[in-house]
Amino acid sequence: MNGKRWLALGIAAGLFLVSIGFQFVSSLASTNLDGVFSQKEEMFDETVLEEGSGNSKIAVLNLEGVIQDTGSGSLLNTSGYDHQHFLKMIEKAGEDNSVDGIILRVNTPGGGVVESAEIHDKIVEIQEEKDKPVYVSMGNTAASGGYYVSAPAEKIVANSATLTGSIGVIMESINYAELADEYGIDFNTIKSGKYKDIMSGSREMTDEEEEILQTMVDELYGEFVQVIVEGRGMEEDRVRELGDGRVYTGKQALENQLIDDLGTLDDTIAMMEEDYDLDGAQVIQYRAGFNFDQFLGMTAQNLFGSNLELVGIQELIRESDGPRAMYLYSR
């Protein structure tokens, strides 16, 4: 490569770096840095939904998206459901002495077994240890894990068209063994025990392996049933009868005593105010605060655009690569 080509390459590289620097400075200029750095101490913002006329306060928490802990440390995770953040949000509402009641706005098809159980346990803890009522207002979908986390609530309200229920456990994997054979692809697996690659997509599952996994699913399903028995005060046989995996509309759920009433979020707020003499309560909504990791992630997206989106997709694929049991309604 002659000197002119080196010079041209150097100029191009310099222009590229200048462009990146300009975009980074633009991101800095359009961001409230005081707000970004202050979020290290205050993780949540309070948005007032109703001003109120008294000293009472009702907190609304939104549970949206698939309930799955994909981690919050990645710069690529700048939006969507953040499990650890949501758990801290519930804790804040429970510990805030100015909050007299909590309404969980649930709009989710469910998600991970462990994550759903963690939210469920937080709700029970708030009701028993903090002596605060927790109501649920269901959105478009509050199925499987979405119903699991709703079950311990003192009152569940849904729209007549809400999809809920889907009581059950699912575990899936993709078997591509025949496709691999067709294209002459071989898999070399070195394992310490004969079940180490159970649910591997590179071969068919044996009857013995299926029995092992079915036992696990049955155990987790039993825990789901017990959550409803305790939360809704229903007989176990009745729960198992309803819990065959199907979804119910809000109207059907009410007929089957899976929910308490039909209505909107506003109706749910009015019910809590009436039930607990909280007339004129200020209604606030907790939202996740904008933190520095989000700022860096958004800046990176501005700089690298679609290339970063591709990296994000690859990261999600790696995180969800292994099969797992889910309280999830999938269509």
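**Terms and their grounds**

Tutor: His 120 is placed in helix α4, a helix being a DSSP run of H or I with at least four residues. The model is predicted, so local features need pLDDT of at least 70 and side-chain atom pairs pLDDT 80 or more, while totals for chains, interfaces and linings use all residues. Residues are numbered from 1 along each chain as its sequence is written, and side-chain values use heavy atoms, without hydrogens and water.

Student: Why does His 120 count as buried?

Tutor: Buried means under 20% relative accessible area, exposed over 50%, and partly exposed in between (1.4 Å probe, protein chains only). His 120 has 10% relative accessibility, and therefore counts as buried.

Student: Which residues does His 120 touch, not counting residues up to four places away in sequence?

Tutor: They are Tyr 148, Val 149, Pro 152 and Val 227; contact means heavy atoms within 4.5 Å.

Student: What makes the lining of the largest cavity nonpolar by class?

Tutor: Ala, Val, Leu, Ile, Met, Phe, Trp, Tyr, Cys and Pro count as nonpolar. The lining consists of Leu 61, Ile 90, Ile 102, Leu 104, Ile 123, Ile 126 and Val 134, giving 7 nonpolar, no polar and no charged residues. Lining residues have an atom within 4 Å of a point of the cavity, a set of points on a 1 Å grid over the protein atoms alone where a 1.4 Å probe fits but cannot get out.

Conventions. 1 Å grid on protein atoms, 1.4 Å probe; cavity = no way out; pocket = protein on both sides within 12 Å on 5 of 7 lines; lining within 4 Å. Helix = DSSP H or I, 4+ residues; strand = E, 2+ residues; numbered from the N terminus.
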